[in-house]
Amino acid sequence: MFNRLLKTVGLFTLCAAMAVSSPVTALADEVASEVNTEEEENFEEEEAEEEAAEYQTITSVHIRVEDPETDVYAEPDEDSEVIGQASQGSTYEILEMVDGQWARVTVGEFEGYLNTVTTASTVAETVEEVEEDLSAKKREEIVEFGKQFVGGQYVWGGTDPNKGVDCSGFTRYVMMNTMGIELSHSSVAQSGEGRVISAEEVRPGDLVFYGSGKRINHVGIYIGDGQLLHASNERNGIRISSWNYRKPIRIVNVLGD
C-alpha cells in the first residue's frame with residue numbers, strides 16, 4: 001500500500017513537472033522558429049535586392065524643343081544671363097530638375113537651364129529606359145580574367161594556367177572560373193558546346209576554332225579589336241595574337257546570350 005502511494009505521488013510529481021516545462025519548451029521553440037523565419041526572410045530580401053540591383057534599368061528624361069527660339073539661362077532664373085538657345089527639333093537629356101520647372105541640360109559645350117513652364121506648349125518630355133548591358137559586363141570579365149595569364153606556360157594536357165595548360169584546358173579554365181560554364185577538355189568537343197555564329201556576330205568571350213581543313217585542332221578566346229587570347233604552343237605559351245593569324249573555321253558562343 002505504501003509503495004503504491006509512493007508510485008502515485010511520483011507519477012503526479014512527474015506530470016506536474018511536465019505541465020510546467022512544456023509551456024516553457026513550447027515558448028522557446030516558438031521563439032527559435034520565429035528567429036529562424038525572420039533570418040530566412042531577411043536573407044531572401046537581401047538576395048532579391050541584389051538581383052534587382054543587377055538587373056535595374058536606367059531611366060533618363062529628355063526634352064524635345066519645338067519652339068524656334070528657346071532661351072537657355074546660366075541659372076534657374078529668367079533674370080540670369082542667357083547663354084544660348086536650344087535648337088528647334090533637338091532633344092536634350094535632363095540632368096536635373098530645379099523647383100519643378102527648370103531643366104538643367106547640356107547645349108553645345110555649356111550647361112544651362114530651360115524653363116519648362118513658360119515653354120510648356122513647345123517643350124515635350126520623354127522618358128527613355130535603358131537596360132544595363134549585363135552581357136557586355138560578363139564578357140569583359142572573361143577577357144580581363146583570362147589576360148592575367150598572358151606569358152604563362154603551355155603544357156599539353158594541362159588544365160591550370162597557373163601550372164601549365166593547353167589550348168582547350170585554358171578556355172575551359174577561364175569559362176569555369178568566370179561564368180561557371182563547364183566545357184570539355186577538347187577543342188573538338190568544345191566546338192559543339194555552344195551556338196555557332198558568324199564572324200560578323202563575334203564578341204569578346206566567344207570561342208574561335210582553328211584547324212587543318214575541317215578538322216579542329218586549336219581554340220582561343222576572342223577578346224575584341226581583332227585579337228585572340230590563347231594557349232598557343234610550347235614556344236609561345238599563353239599569348240595574345242591577331243584572331244586571323246590562322247583562318248578560323250568555326251566561332252561558337254558558349255554563353256547563351
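Of the 22 residues in the largest nonpolar core, the ones that touch the most other members are Phe170, Leu207, Ile221 and Ile238; such a core is a set of buried Ala, Val, Leu, Ile, Met, Phe, Trp, Tyr and Cys residues joined through side-chain atoms within 4.5 Å, where buried means under 20% relative accessible area with a 1.4 Å probe, protein chains only. At least two residues of this core come from each of α2 (134–147), α3 (167–179), β12 (207–212), β13 (215–224) and β14 (227–231), and α3 gives the most, with five residues. Helices (H or I, at least four residues) and strands (E, at least two) are DSSP runs, numbered from the N terminus. Apart from this core lies another, of ten residues, including Ile63, Val105, Val107 and Leu114.

This is a predicted model, in which local features need pLDDT of at least 70 and side-chain atom pairs count only at pLDDT 80 or more, while totals for chains, interfaces and linings use all residues. Residues are numbered from 1 along each chain as its sequence is written, and side-chain values use heavy atoms, with hydrogens and water left out.

In α3, the buried residues are Cys167, Ser168, Gly169, Phe170, Thr171, Tyr173, Val174, Met175 and Thr178. The end C-alpha atoms of α3 are 18 Å apart, which agrees with the 18 Å that its 13 residues should span at 1.5 Å a residue, the expected span being 1.5 Å times one less than the number of residues. Just after α3, Gly180 takes a positive phi of about 70°.

Taken as a whole, the protein has four helices and 16 strands, and buried residues make up 32% of its 257 residues.

Definitions and conventions
Buried means under 20% relative accessible area, exposed over 50%, partly exposed in between (1.4 Å probe, protein chains only).
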